[in-house]
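Hi,

Here is the structure I said I'd pass along. Have a look at it first, and then read on for my notes.

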Amino acid sequence: PRSGRSLTLYLFFIFFSAAWIGLVFLYYGNFAPSERSVSTRVPKIGPDASKRAVAQSLLDSKPGESISEVVKIETSLKPSETVQYSALSEPSKINPIALESRVGAPATQRINHVAIPDQPPKENNIDRTDAPPRAADPPASLSASSTFSRSTTMIVILTCKRPQYLEQTMNALLSLENVAEYRILISQDGFDDRVRALASGYVVRHPSTRHVHNDLRQNHDGRGEVAAMYYIADHYKFALGKAFEAGEVRHAILLEEDMVVSPDFLRLFEVTAPILDADPTLYCVSSWNDNGYRHMDLDPARLFRSSFFPGLGWMLRRELWVDELRSKWPTNGWDHWMRVDAQSRGRDCIVPELSRNHNIGQEGATVNPSDFAA
């Protein structure tokens, strides 16, 4: 009898242990930390890697992002509701970042598909001498409902005390096709006379350009090393307010004084603005890919959706500023604040696989020259 009881207890212990282990696996299988909090390393990918391998590496390696290989992406919508863009039958003519919408697709549904023709891989470098592939116009069904136009879009350049960078940024911007049809606002923070003189010169030479000075600037010098974060947040609030001060301005594109843009920088926003207007699951378009490393095989004609706010040369709609952000703008760390769920609310940004601006700032509030050492 004693051996029988011992066997029973032994079996009960085995059963109880197995059940407990099963519960532990079940719990962590359902509630383990998401990819937002899992720290992983982006692998190095050589120049011969395929686009599919690059896309998969991004999917597996970048914490905080929701990246999809847009040509193959799955959708939760019914087939009849899916919005899909397809490539031209003659892809050599143009690069259709956005072409045509499937018949009957509601314009307000989540836009997940952007199909593009394959192109030869190019080095991740905006200083190319060859002309970039020209994107097609957005589908007429989206353009008709969009509020985007060049004349109602403000390009904002935020500057402080680096005139040598501001000059390069402005010269690159003013060389772009159709830039004269946009409004340009140079927003100056601080009291650098060289920046003021340079900005005033651009106003004289280019009638569409205005120069304003941040009159909301507070004194944060007593905050020590983090003072710069407060000054920058103040400046962005001022610049965004000035950008949308005129009621007819519907979109704003924000640059900083050390961002040299590519030849097709404005074209990127022109073809994606109607998508941003039509899709409520988007809240910005950026010209910057955080994972756009030089050693990667990047496609200049491919876009993706990211849940991680990139900033660095980005566009937003008037409604986002006026209805959501203006009343609660943070006092510091504005870009990190934009990534918080309370602001993003589950929405994504459109990002190009190949960045359309290059940061030349080797000195500044948040950079150190040693970061650029070879």
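Below is what turned up, going from the disulfide through the strands and salt bridges to the cores.

Before anything else, keep in mind that this is a predicted model.

**The disulfide**

The structure has one disulfide. Its partners are C284 and C349, with the two sulfurs 2.0 Å apart. The link between C284 and C349 is right-handed, with 120 degrees about the S-S bond. C284 sits in strand 6 (residues 282-286) and C349 in strand 9 (residues 348-352), so the bond ties together parts that are 65 residues apart in sequence. Both cysteines, C284 and C349, are buried. C160, on the other hand, has 25% relative accessibility and so counts as partly exposed.

**Strands around the disulfide**

Strand 6 is worth a look in your viewer. Five of its five residues are buried, so strand 6 is largely enclosed by the rest of the structure. Strand 6 pairs with strand 9 in the parallel sense, over three bridges, and V285 stands opposite I350 of strand 9. Strand 6 also pairs with strand 8 (residues 314-317), this time in the antiparallel sense and over two bridges. There, S286 has W314 of strand 8 as its bridge partner.

Strand 8 leads on to strand 4, as the two pair in the antiparallel sense over four bridges. W314 turns up again here, standing opposite L254. Strand 4 (residues 251-256) is mostly covered, with five of its six residues buried. Strand 4 also pairs with strand 1 (residues 153-159), in the parallel sense and over six bridges. In that pairing, L254 is the bridge partner of V156.

**Salt bridges**

Now for the charged groups. Side chains of opposite charge can pair when their charged atoms come close. The structure holds 20 salt bridges, and I'll pick out a few.

- R305 and D279 meet through their side chains at 3.1 Å, N to O. This pair links distant parts of the chain, 26 residues apart: R305 is in strand 7 (residues 303-306), and D279 is in the loop between helix 7 (265-278) and strand 6. R305 and D279 are both buried.
- R345 forms a salt bridge with E324, and their closest N and O atoms are 3.0 Å apart. R345 lies in the loop between helix 10 (341-344) and strand 9, and E324 in helix 8 (residues 318-325), so the pair ties together parts that are 21 residues apart in sequence.
- K242 and E245 form a salt bridge at 3.4 Å, N to O. E245 has 51% relative accessibility and so counts as exposed.
- R150, E181, R267 and E270 are linked in a network of salt bridges.

**A buried histidine**

H220 is in the loop between strand 3 (209-213) and helix 6 (227-243). Its relative accessibility is 8%, so H220 counts as buried. What does H220 contact, leaving aside its neighbours within four places in sequence? The answer is A227, Y230, Y231 and D234.

**The nonpolar cores**

The largest nonpolar core has 38 residues, and those with the most contacts inside it are I155, I157, M170, I184, F265 and L266. Several elements each supply at least two residues of this core, including strand 1, helix 4 (163-174), strand 2 (183-188), helix 5 (193-205) and strand 4. Helix 7 gives the most to this core, with eight residues.

Cheers

Notes
Residues numbered from 1 in each chain as written. Predicted model: local features only at pLDDT ≥ 70, side-chain atom pairs only at ≥ 80, totals over all residues. Heavy atoms only, no water. Disulfide = S-S within 2.5 Å. Buried < 20%, exposed > 50% of the residue type's maximum accessible area, 1.4 Å probe, protein only. Pairing = 2+ DSSP bridges. Salt bridge = Lys/Arg side-chain N within 4 Å of Asp/Glu carboxyl O. Contact = heavy atoms within 4.5 Å. Core = buried A, V, L, I, M, F, W, Y, C linked by side-chain atoms within 4.5 Å.
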